[in-house]
Amino acid sequence: MVKFDTYVNNKFDTTVNNALYLDVMVNTRQFDEDAVLEVALKTFWQNGFAATSMIDVAEATGVQRGSLYNAYTDKEQLFLLTYERYASRFLDSVRLALSNPDPAVALTALLKGIIASFSVGAPTRGCLTTKTAIELPLAGKAIEARVRRLLEDLTTLIRDALSMPAARRKLSCDPDVAADLVVTFTRGLAVMERAFRNPRHLEKMAQQFVKVLVPEARRR
């Protein structure tokens, strides 16, 4: 006969092990997180934060809504994770474009790349940062802070590139002012893309803008 204390201990161990197993199963993401975040990013980018629901993300990813809530808590947290990917890639592309020491070449590459990014998709997806900035009253403070930080990082990268001696000598204004102008101009491009969906027109405006900042470019 099995002793009572032995039975109780064995039963307790089994119960604990089952509970731990269930806890692991609940907290283990039963999906490819990298793939899910990629699809979620695409969905937010195409529709915007406010117009995208967790149901939309669930349908797009094929992951049950309950699993998404278990993994990411709410739409805001999921958006922040996807936006982090977007921000990292965007800033990497900015660094690459600005690597040319000639400010006219660097700024042209930067603006051309941004315009190309706006124009992906049918209908075009536009600019995720500008879309989100417009919707900030509907988003949380964490999203507001993250969008602001991306714009600040963008401004810093441009200012640092234009502050290099070879670039600074060719500018029509101080690098700090030029950087602010470039960032502001990119937001204007995003709005114009939404209104007219005409990449060629945006590129022409970008060319003229570069000539204003780098007068030497007018003679090329």
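A salt bridge here is a side-chain nitrogen of Lys or Arg within 4 Å of a carboxyl oxygen of Asp or Glu. This is a predicted model: local features need pLDDT of at least 70, side-chain atom pairs count only at pLDDT 80 or more, and totals for chains, interfaces and linings use all residues. Residues are numbered from 1 along each chain as its sequence is written, and side-chain values use heavy atoms, with hydrogens and water left out.

By the salt-bridge rule, the count is twelve.

**Stop one.** Select Asp-34, Glu-38, Arg-85 and Arg-89. Salt bridges link these four into a network.

Zoom in on Arg-85 and Asp-34. Their closest N and O atoms are 2.6 Å apart, in a salt bridge. Arg-85 sits in helix α5 (residues 75-97) and Asp-34 in helix α2 (residues 33-47), so the pair ties together parts 51 residues apart in sequence. Helices are DSSP runs (H or I, at least four residues), numbered from the N terminus.

Now move to Glu-38. Arg-85 also forms a salt bridge with Glu-38, with the closest N and O atoms 2.7 Å apart. Glu-38 is in helix α2 and Arg-85 in helix α5, so this pair joins parts 47 residues apart in sequence.

Switch to a surface view. Asp-34 is partly exposed at 44% relative accessibility; Glu-38 is partly exposed at 27%. Partly exposed lies between buried (under 20% relative accessible area) and exposed (over 50%), using a 1.4 Å probe and protein chains only.

**Stop two.** Select Asp-176 and Arg-159. Their side chains meet in a salt bridge at 3.6 Å, N to O. Asp-176 lies in helix α10 (residues 175-196) and Arg-159 in helix α8 (residues 141-162), so the pair ties together parts 17 residues apart in sequence. Asp-176 is partly exposed at 42%, and Arg-159 is partly exposed at 26%.

Note on methods: Helices (H or I, at least four residues) and strands (E, at least two) are DSSP runs, numbered from the N terminus.
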